Amino acid sequence: MPEVNTEKIFASFLLSVEQVTSIDEFNDLEKEYLGKNSLISEERKKLSSMSEISRKKYGKVLQELSTQISERLNQERLSFQSKFFKEKELNDNKDITINWYKDLGSREHVLTSVMNEVVDIFSAIGYTVATGPEAETSWHNFDALNTPDWHPARYESDTLYLDENLEQLLRTQTSTVQVRHMQNNKPPVYIVAPGRVYRSDQLDATHSPVFHQIEGLAVDENLTFSDLKGTLEYFVQEFFGKEIKTKFIPHFFPFTEPSAEVLVSWKDGEWLEILGCGMVDPNVFQHVGYDKNSQGFAFGVGVERLAMIRYKIDHIKNFYENDLRFLRQF
Amino acid sequence: MKVLKSWLNDWIDISEISNEDISEGLESLGFEIEEQSDLKPNYSNIVVGKVLEIYPHPNADKVRVTKTDVGSKTYEIVCGAWNFDVGAVVPVALPNSEIKDGFKIDKRDIRGVESNGMICSASELDLWDDHEGILILDDNILPGTDFSSIYASSDYLWDIGITPNRGDCMSYLGIARELSNYFDKKINIKKSKLNPSITNILNTNSGKIKECDSYGSVEIENFKVTDSSFLIRYRLSNVGTRIINNVVDITNYILYDVGQPLHAFDRDKLFNTVSVRKAKNNETVTTLDSQKRKLTNDDLVITDGDKPIALAGVMGGLETEVTDSTVNLLIESAYFDKVSIMKTSRKLGLISDASIRFERGIDFNIQKYGLEQFLMTLKDSQDIKYSELSIDTKNNIKNEKVTLEKDEIKKLLGIELKDSFIKKTLKNLMIDGEIKNDNIEFTAPSWRYDLDRPVDLIEEFAKHHGFNNFSSNLPQGLYKNEKGNFWKVKEYLTKILISNNFQEIQTLSFVNKEMNTVFNPEKKYVTVFNAIDKSNNYLRSNLMSSLIDTYIFNLQQNNILNSYFEINTVFNSSPDNTFNDVPNQNVVLGFITSANLTTQDIRKSDQNIDIYYVKSLINQLINDTQLEPIIKPGFHQNYSFSIFKNNEIVGHFGQLSTELQNNFEIENEVFLGEIYVNKLNLNELKLINYKPLSQYPFIKFDLSFSVPLEFSAHLIVEEINKLLSKNENEIEIFDDFQHENSRNLGIRIVTRSYEKTYDDNQTRQILMKISDSLETKFKITLNSGNND
C-alpha cells in the first residue's frame with residue numbers, strides 16, 4: 001500500500017509558505033494542502049478501502065500531517081499578517097510638519113470668552129446677569145451715580161451724547177445697570193452686568209470709542225468692606241490663578257465710598273491695576289429709592305484690560321478690526 | 001504730582017525712612033505711584049570754579065578765554081557763553097569728567113588754545129533748561145568744592161496720582177499731612193516773621209460776588225527780576241516746572257509747597273482798586289500768552305477799576321505782566337469758586353497748575369499764609385520792602401459739624417477701631433473732632449472738601465487703617481448658577497454657530513447713514529450729537545452692514561473664512577420696550593455666510609452652499625420654526641424669510657440682493673440673517689420631543705414624481721409623514737430636477753415599523769398607498785421606473 005511521504009509534503013508546504021507574498025495566498029495554500037482536492041483529502045478517500053489496522057494507522061498519519069500543516073499555516077498567517085500591517089504602516093509615512101488644515105473650527109470673540117469666564121466665576125458664587133440699555137439717560141449715567149452736573153466726566157469731550165440738551169447719551173460705564181436694577185428690584189441684590197460702554201475717543205492703539213466692562217453689585221444685610229475684599233480676591237484668583245497676589249489701594253469714584261483700586265502682582269514683580277471697587281455710596285441708594293441704611297459693594301472691571309493683560313495684547317484696536325489673523329489666535 | 005524727597009523733608013522728617021517704606025505709605029494712602037526714580041547725578045570731577053580773568057581768544061571771535069580758579073589749580077578754559085564776568089562762581093567740568101548724556105570732557109585744543117575742561121550751563125549738567133548760558137552759583141561757595149556737595153546729590157522722586165477729591169494733596173504740605181499720620185511724625189509748619197516797611201498804595205478787595213470768598217494781596221518795592229535761588233530752581237525743575245525768573249519761580253514754588261496759587265502784577269501798571277467780578281458777555285482780556293480771550297458772564301475777572309486785567313485763577317493779563325524792568329509788585333493770593341474756575345479753564349482750554357488746584361478746591365483759609373511764605377522766600381534772596389498784607393474775606397465758607405455714630409464704622413467696614421486709633425488719626429490729620437459717648441463729632445478742616453458726611457470719615461479711617469490690613473470674607477449670593485435667560489440663550493446660540501464654523505466678531509456700534517438705510521430705509525435712526533467721526537455718526541439699526549464689512553475686509557486681507565456672527569445691540573429712535581426713557585434697543589444675533597465656503601483642508605476645493613444651508617442652520621439654532629417669505633430691503637426678491645416661533649417673529653434671513661452683491665463687488669452670493677435674542681426662551685429652545693427608536697429593520701424606496709413648477713416640495717414630505725405616522729420615518733427630497741417646463745422631484749423614504757418586520761408584500765402595499773394618495777391629492781404623476 002503506497003503511502004504518501006508526509007515529510008515531503010510538509011517540506012513542500014513550508015517551501016510554499018516561504019514564497020507567500022500576500023495574505024490571500026494563505027487561503028490558496030489552505031485549499032491546496034487541506035481542501036477538498038488536496039493530496040491529504042485524496043489519501044483520506046482511500047482509507048475506506050483499507051484494513052482496519054492500516055486505516056487506523058494511516059488515518060492517524062494523515063490526521064497528524066493535516067494538524068501540523070493547519071497549525072503551521074495559522075501561525076504563519078498570523079505572523080505574516082502582523083508583519084504585513086506593520087510594514088504597511090511603516091510605509092505610510094506622512095510629513096506631519098505640514099499644516100494642511102489651517103485652523104479647525106471657529107471661535108468666540110476673545111472679548112466674549114473673557115466676559116463669559118467672568119460671568120461664570122461670579123455665577124458660581126450666586127450672582128446673576130443683569131443688563132441695561134446702552135443708550136442711556138444722563139441721569140442714570142451721572143446724576144444717580146453721584147456725579148454732579150459740573151463734573152469733568154460730563155464734558156462733551158469725554159462723553160458721547162445723543163441730543164443737544166445732553167439728556168441722553170451712550171453710557172460711559174456699566175454702573176448704569178446698578179441704578180436700573182435697583183430701581184426695579186428690592187434688595188438683596190447680587191448681579192454682574194457685562195456690556196458695551198462708550199467714550200469720545202478715536203480708535204487707536206490705546207483708545208477705543210467702544211469697549212466693554214463688567215459691573216458687579218451686591219446689596220445685602222451686613223455686607224462689609226471685608227466681603228468686598230474677599231469677593232474680589234476670589235475673582236482675581238479664579239481668573240488669573242491661585243498664585244496671583246492682590247492689593248487694594250484707596251481710590252476715588254463718585255458712587256462708592258470707601259473706594260479702592262485692585263492691583264495684581266504680575267510676572268517680574270510689576271503690579272497692574274485691574275479693577276475699581278468700593279462700598280456703594282449712600283447717595284446712590286437714596287437716588288434709586290433704597291433705604292438709606294442699605295449696604296453693599298460694587299465693582300467694575302474692563303474686559304479689554306483683562307484680555308490685554310492675560311494675552312499680552314498691546315493694541316486695543318485689534319479687538320474691533322476683526323482680522324481673522326487676530327481672532328483665530330484665541 | 002511729582003514729589004521730591006528732599007523737598008518733602010522740609011515738612012516732615014523722612015530722611016531716615018527708606019524709599020520703599022515711603023512708596024508703600026504713599027500707595028496705601030491712595031496716591032497711586034505712576035513712576036519713581038532714584039536721582040543720583042553722577043558728578044565726578046565737576047567742581048566749583050571762580051573766574052579770575054577773561055580775555056579774548058586770539059583766533060576766534062565767538063569765544064573767550066578764562067583763567068579759572070578750581071581750588072587746587074588755576075586753569076585756562078575756553079568758553080562760548082557771555083553771561084558772566086570776572087569774579088563769577090561757576091561749575092567747571094575738569095579734564096577727564098563726564099557731563100549730560102555721558103559726554104566726556106577732556107583737555108582740548110580750541111583753535112590754538114588748550115582748554116582745560118569746560119564751564120557748564122545748567123542744561124549741560126542735566127539740571128534744567130536754561131536760556132541764559134552758564135550756571136552762576138552763589139558767590140560764597142569756595143573754588144574747588146565738589147559740585148555734588150552743593151547739589152542734593154542723592155534724592156528720590158515719586159510721580160503720584162492725586163484723586164480729584166483730594167485737591168488738598170496737590171502740595172508738599174498736603175502730602176506731608178497724610179504721611180504724618182502714616183509714620184506718626186509731626187509736621188513742621190514753616191513760621192513766618194515779617195517786618196512790613198511800606199504802606200499800601202492800592203486798595204484790593206474780593207468784590208461783591210460769592211465766587212471770590214477771599215482776596216489777599218501784598219505790595220513789594222525795590223524788587224529786581226533775576227534768577228531764583230539754586231535750590232528753588234533745582235526743586236522746580238524736578239517737579240517739571242519751567243524755570244523763568246525769581247518772581248514766577250517763587251509763585252510756582254509756593255503753589256507746590258503750600259497749595260496756594262499766587263499771581264504777580266507789575267504794581268506800576270495798576271491804577272485803581274483791584275477787585276473781582278464776573279465778566280460781561282463779550283468782554284475781552286488779553287492773557288499772558290498774547291491771546292485775546294472773549295469772555296462770558298460765567299467767567300471771573302480781576303479788575304483794575306472796572307477794567308479786566310486777568311482771568312481769575314486761570315491766567316494773568318498781558319498788560320499788567322511782570323517784565324525785566326519791573327521794580328514794584330502786587331502779589332495776589334485769592335480763593336475762587338471751584339466750579340467757576342473749572343468752567344472757564346475747560347471752556348478756554350487753559351489748564352494750568354493754578355486752575356487745577358482752584359477747581360479741585362484750595363484751602364479757604366490759607367491765603368494769608370501763602371503771601372507770608374512768598375515774602376519769606378523772596379526776602380531771603382533780595383533786599384525788598386513790602387507792605388502789610390491785605391486780606392479781604394467774606395467768610396462765607398464754613399464746614400459744619402458732623403456726627404458719626406461709632407457703630408456705623410463696624411457696620412460698614414466689618415472691623416472695630418480703637419478709640420486711640422481714632423483720636424490719633426483725627427489729630428494727625430488736623431480734623432477738629434472728638435469722641436462723645438458712642439459718637440464722633442467732627443468738623444472738616446478748611447482744606448478738605450471730602451469730609452462732610454459720616455461715611456466720609458469712615459473712609460478716612462479705613463484708609464489710614466490700611467486697606468490691606470482688612471480681613472477677607474467671601475459672601476455667597478442668592479442665585480445658584482443662574483445666569484438668566486438672556487445670557488444662557490446667548491451662550492446656547494453661540495455654541496451652535498461655532499460648531500458650524502461661524503467666527504464671532506465684535507464691531508463698533510457706529511456706522512454711516514448709508515449702512516442703516518440700505519437695510520432699514522424707514523429713517524428712525526439714532527444719531528450721536530457730538531460724534532468723533534462725523535461721517536460715522538449713526539448708531540447702527542442692523543448688524544448686517546458690519547457683517548458685510550468684516551466679510552469684505554477679511555477677503556481683502558487674504559483671510560479665508562466666510563462665516564461670521566455678532567451679537568450686539570441695534571438702535572432705533574422709537575421708545576424702548578423695557579425702558580421708556582431711552583431709544584429702542586434690541587440685542588440681535590446677526591450672521592453672514594457665503595455660497596462659497598472654504599474647506600479647512602487647504603488641499604481641497606471649496607464647498608458650495610446655498611439658501612438651503614442657511615435654512616438648515618436656522619432649524620439648528622431655533623427648533624420648531626415656521627418660515628414665511630417677506631420682501632426686505634437689501635434682500636433677494638425670493639430668498640428672504642421671516643422666522644416665526646410660536647406665531648411670533650424671532651428673526652429673518654435670506655440672500656443679499658444681487659444688486660447689492662454687485663455694488664459691494666462681492667464675487668459669491670451672500671446669505672445673511674438676524675435673530676432677536678431677547679425673544680427666545682432657553683427652555684423652549686431645549687424643548688425636544690424624543691422619538692423612540694424602532695427595533696425592526698427599515699425598508700427604503702425612492703419615488704420620482706412629475707410636479708408643476710411652482711409646487712412646494714415640503715407638501716409631499718408632510719403628506720408621507722402623515723400616511724406613515726405610526727412609523728419611524730426619514731423622508732427626504734433627494735432630487736429636484738427642472739428642465740424647461742417639466743420638473744421632477746425625487747423622494748427617498750426610509751421607514752420602520754415599531755411592531756414588525758415588513759415582508760415584500762407589505763412593502764409593496766405601502767408604496768402603492770403612498771403613490772396613490774400623492775397622485776390623487778396633489779394631481780401629480782408617479783414616474784415609471786421607480787423601484788425599492
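1. In this predicted model, the C-alpha centres of domain 1 and domain 6 of chain B lie 87 Å apart. The domain assignment of chain B sets out domain 1 as two stretches, 2-40 and 155-182, with domain 2 covering 46-150. It continues with domain 3 (212-393), domain 4 (401-469), domain 5 (485-685) and domain 6 (699-782).

2. For chain A, the assignment gives domain 1 (6-91) and domain 2 (110-327). The centres of domain 1 of chain A and domain 2 of chain A, taken over C-alpha atoms, are separated by 83 Å.

3. Two helices of chain A deserve a look as a pair, namely helix H5 (residues 110-123) and helix H8 (residues 225-240), whose axes come within 10 Å and cross at roughly 135 degrees. That angle makes H5(A) oblique to H8(A), and the crossing of the two is right-handed. On the side of H5(A), the contact is made by Val114(A), Glu117(A), Val118(A), Ile121(A) and Phe122(A), while H8(A) contributes Thr231(A), Tyr234(A), Phe235(A), Glu238(A) and Phe239(A). Sorted by class, the residues of this contact between H5(A) and H8(A) are 7 nonpolar, 1 polar and 2 charged.

4. From H6(B), the residues Asn246(B), Val247(B), Ile250(B), Thr251(B), Ile254(B) and Val258(B) take part, and they meet Tyr369(B), Gly370(B), Gln373(B), Phe374(B), Thr377(B) and Leu378(B) of H9(B). The contact of H6(B) with H9(B) has 7 nonpolar and 5 polar residues, and no charged ones.

5. Glu134(A) sits in the loop between strand S1 (128-129) and strand S2 (135-137) of chain A. Is this residue buried or exposed? With a relative accessible area of 7%, Glu134(A) is under the 20% limit and is therefore buried.

6. Helix H5 (residues 230-238) of chain B is mostly covered, with 8 of its 9 residues buried. The buried residues of H5(B) are Phe230(B), Ile232(B), Arg233(B), Tyr234(B), Arg235(B), Leu236(B), Ser237(B) and Asn238(B), a list that includes Arg233(B) and Arg235(B). H5(B) is followed by Gly240(B), which has a positive phi near 90 degrees.

7. In helix H11 (residues 419-428) of chain B, the buried residues are Phe421(B), Ile422(B), Thr425(B), Leu426(B) and Asn428(B). What do the buried residues of H11(B) pack against? Their partners in chain B are helix H4 (172-182), helix H10 (406-413) and helix H12 (454-465), together with strand S25 (432-436) and strand S26 (439-443). Just after H11(B), Met430(B) takes a positive phi of about 60 degrees.

Notes: Residues numbered from 1 in each chain as written. Chains lettered and ligands numbered in written order. Predicted model: local features only at pLDDT ≥ 70, side-chain atom pairs only at ≥ 80, totals over all residues. Heavy atoms only, no water. Contact = heavy atoms within 4.5 Å. Helix = DSSP H or I, 4+ residues; strand = E, 2+ residues; numbered from the N terminus. Nonpolar A, V, L, I, M, F, W, Y, C, P; charged D, E, K, R; others polar. Domains from an automatic or database assignment. Buried < 20%, exposed > 50% of the residue type's maximum accessible area, 1.4 Å probe, protein only. Axes fitted to C-alpha atoms, helices over the stretch in contact; angles between N-to-C directions. Parallel < 35°, antiparallel > 145°, perpendicular 65-115°, else oblique. Left-handed = near helix turned anticlockwise from the far one by under 90°.
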